[in-house]
Amino acid sequence: MKLRILEFLNNIQEHNGVSISADLFCTCGNNKFVFSHTGKQTKGILAPYIIKKNKQLILQAKCTCCEKNIEVYNSTIDGSKPKTIEQSIDFLPFIIPKTSADKFKVIIKYNYWPENLKSNGLYSNYFEDCFIYIVENGKETKALIEE
Ligand SMILES: [Zn+2]
């Protein structure tokens, strides 16, 4: 199975055949999103801003231009060993409390076992880790999720 959100990734860079990094882009060409999630928000100091709650996490990105919703990460279906645990259905908005910032550009990184990197010539959905970082002024800053 190809990487579920492949059509929303731009500027894909492959590293040593075991990881890729890419910018999240909407199919309309916009790359700023409002995020919501079913996990738990932290202060983002020693942990990423969003962590699992009841062993599950769904992260959704809504395009600030065309309002398309993209399910960026879903712990029950993504990765080489998805967790099949019942999901909380409550989505919470992601807002950085100090600044009230709620629109972000992000970069996504996936780590793979080499044999799982591609499936039928396309990057596969069988990754080991998914890291998403907020990008500010062209630089990646804080982790949104590290799953
Ligand atoms: Zn859009």
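**Exercise 1. Follow the chain of partners**

Task: find how many bridges join strand 9 to strand 12, and which residue is the bridge partner of I107 in strand 12.

Solution. 
- Step 1: Strand 9 and strand 12 run antiparallel, with seven bridges joining them. A quick word on terms: strands are DSSP runs of E with at least two residues, helices are runs of H or I with at least four, and both are numbered from the N terminus. Two strands count as paired if DSSP finds at least two bridges between them.
- Step 2: Before you go on, note that this is a predicted model, where local features need pLDDT of at least 70, side-chain atom pairs count only at pLDDT 80 or more, and totals for chains, interfaces and linings use all residues. Residue numbers start from 1 along each chain as its sequence is written.
- Step 3: Look in strand 12 and you'll find Y133 as the bridge partner of I107.
- Step 4: Now go to strand 2 (residues 19-24), which pairs with strand 9 (residues 105-111) over five bridges in the antiparallel sense. Here I107 is the bridge partner of D23.

**Exercise 2. Look at the hairpin**

Task: find how many residues lie between strand 12 and strand 13 in their hairpin.

Solution. 
- Step 1: Strand 12 (residues 129-136) pairs with strand 13 (residues 139-146) in the antiparallel sense, using five bridges.
- Step 2: One of the pairings is E136 with K139 in strand 13.
- Step 3: The hairpin leaves two residues between the strands, and N137 in the turn has a positive phi of about 50°.

**Exercise 3. Buried or exposed?**

Task: decide whether N11, N54 and S75 are buried or exposed.

Solution. 
- Step 1: Use the cut-offs: a residue is buried if 20 or more other C-beta atoms (placed from the backbone) lie within 10 Å of its own, exposed if 12 or fewer, and partly exposed in between.
- Step 2: N11 sits in strand 1 (residues 9-15) and is exposed because it has 10 other C-beta atoms within 10 Å. Though not a glycine, N11 has a positive phi of about 55°.
- Step 3: N54 is in the loop between strand 5 (50-51) and strand 6 (58-63). Its 12 C-beta neighbours inside 10 Å make N54 exposed, and its phi is positive, near 50°.
- Step 4: S75 belongs to the loop between strand 7 (69-74) and strand 8 (92-93). S75 is buried because it has 22 C-beta neighbours inside 10 Å.
- Step 5: Leaving aside neighbours within four places in sequence, S75 is in contact (C-beta atoms, placed from the backbone, within 7 Å) with residues including K52, Q56 and E147.

**Exercise 4. Find the core**

Task: say which residues touch the most other members of the largest nonpolar core.

Solution. 
- Step 1: A nonpolar core is a set of buried Ala, Val, Leu, Ile, Met, Phe, Trp, Tyr and Cys residues joined through C-beta atoms within 7 Å.
- Step 2: The largest one has 35 residues, and L59, V106, I108, I132, L144 and I145 touch the most other members. Among the elements giving two or more residues to this core are strand 2, strand 9 and strand 12.
- Step 3: Setting aside neighbours within four places in sequence, the contacts of L144 include F35, V106 and I132.

**Exercise 5. Step back**

Solution. 
- Step 1: Buried residues make up 30% of the 147 in the protein.
- Step 2: The C-alpha atoms fill a box of roughly 45 × 35 × 30 Å along the principal axes.

Conventions:
Two residues are in contact if their C-beta atoms, placed from the backbone, lie within 7 Å.
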